[in-house]
Amino acid sequence: MNHDSTGAHEGPLGGRWYDAEAGPLVRPYAMTGGRTKPGPSNVRFDLIALVVVDDDPPGAAEESLLGPEHRALLALCRAETQSVAELAADADLPVGVVRVLLGDLLESGFVKVSRPVPPAQLPDERILKEVIDGLRAL
């Protein structure tokens, strides 16, 4: 492996593997095995869907078979319940990659996902304003 004056390492064919300042570069398709949709059931993860570790996850042996990105997402979920968007930001991964990886974790039984509340089930803005006015009147 050769080093040039910029700190980049040259691969066997002379192409650069990574820049010393940027760190190693792994393409998103490499993390997902070329997949763009999460799992065979094509589950769609909303950005605000909440992800938690399952109450009865598979054992440590199964977890050791996961890739580093899967394990990083699990560690973040163990720390606290997070949305898909927060996981993507905290793991520094593209949202599309996180969705595919979460699909793997969901199908393997490592995590559970709670769907966001549909807008039709949220309280009306008028009612919320009346509650705030009532609280202020106290």
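## Basis of the model

The model is predicted: local features need pLDDT of at least 70 and side-chain atom pairs count only at pLDDT 80 or more, while totals for chains, interfaces and linings use all residues. Residues are numbered from 1 along each chain as its sequence is written, and side-chain values use heavy atoms, with hydrogens and water left out.

## Overall make-up

The protein has six helices and seven strands. Both kinds of element are DSSP runs numbered from the N terminus (helices: H or I, at least four residues; strands: E, at least two). Read from the N terminus, the order is β-β-β-β-α-β-α-α-β-α-α-β-α.

Of the 138 residues, 28% count as buried. Buried means under 20% relative accessible area, exposed means over 50%, and partly exposed lies in between (1.4 Å probe, protein chains only). The protein exposes about 9,300 Å², and carbon and sulfur atoms supply 56% of that area. Accessible areas come from the Shrake-Rupley method with a 1.4 Å probe; for residues, only the protein chains shown count as cover. Among contacts (heavy atoms within 4.5 Å) between residues at least 6 apart in sequence, 66% join residues at least 24 apart.

## The S6-S5-S7 sheet

Three strands form an open sheet in the order S6-S5-S7, with antiparallel pairing. The edge strands are S6 and S7, each of which pairs on one side only. Two strands pair if DSSP finds at least two bridges between them. S5 (residues 50-53) joins S6 (residues 82-83) over two bridges, and S5 joins S7 (residues 111-114) over four. Leu50 has Ser83 as its bridge partner in S6 and stands opposite Ser114 in S7. Val51 stands opposite Gln82 in S6.

Val51 and Val53 make up the covered face of S5, and Leu50 and Val52 the uncovered one. Helix H5 (residues 95-108) lies across S5 and S7, at about 115 degrees to S7. Such angles run from 0 to 180 degrees between N-to-C directions, with axes fitted as lines to C-alpha atoms, for helices over the stretch in contact. In the loop between helix H4 (84-91) and H5 sits Leu93, which is buried at a relative accessible area of 14%.

## Salt bridges

The whole structure holds three salt bridges, each being a side-chain nitrogen of Lys or Arg within 4 Å of a carboxyl oxygen of Asp or Glu. One of them joins Lys112 and Asp55, with the closest N and O atoms 3.2 Å apart. Lys112 lies in strand S7 and Asp55 in the loop between S5 and helix H2 (60-64), so the pair ties together parts 57 residues apart in sequence. Lys112 is partly exposed at 35% relative accessibility, whereas Asp55 is exposed at 69%.

Helix H6 (residues 125-137) holds Glu125 and Lys129, four residues apart and separated by about one helical turn. Their side chains meet at 3.3 Å, N to O. Glu125 is exposed at 54% and Lys129 partly exposed at 48%. Arg126 and Glu130 also both lie in H6, four residues apart; their closest N and O atoms are 3.1 Å apart.

## Nonpolar patch

Ile127, Val131, Leu135 and Leu138 make a nonpolar surface patch of about 440 Å². Patches are made of residues with over 30% relative accessible area and no salt bridge; like charges are joined within 9 Å, and nonpolar side chains (Val, Leu, Ile, Met, Phe, Trp, Tyr) within 5 Å. Val131 lies in H6 and counts as partly exposed, at 46% relative accessibility.
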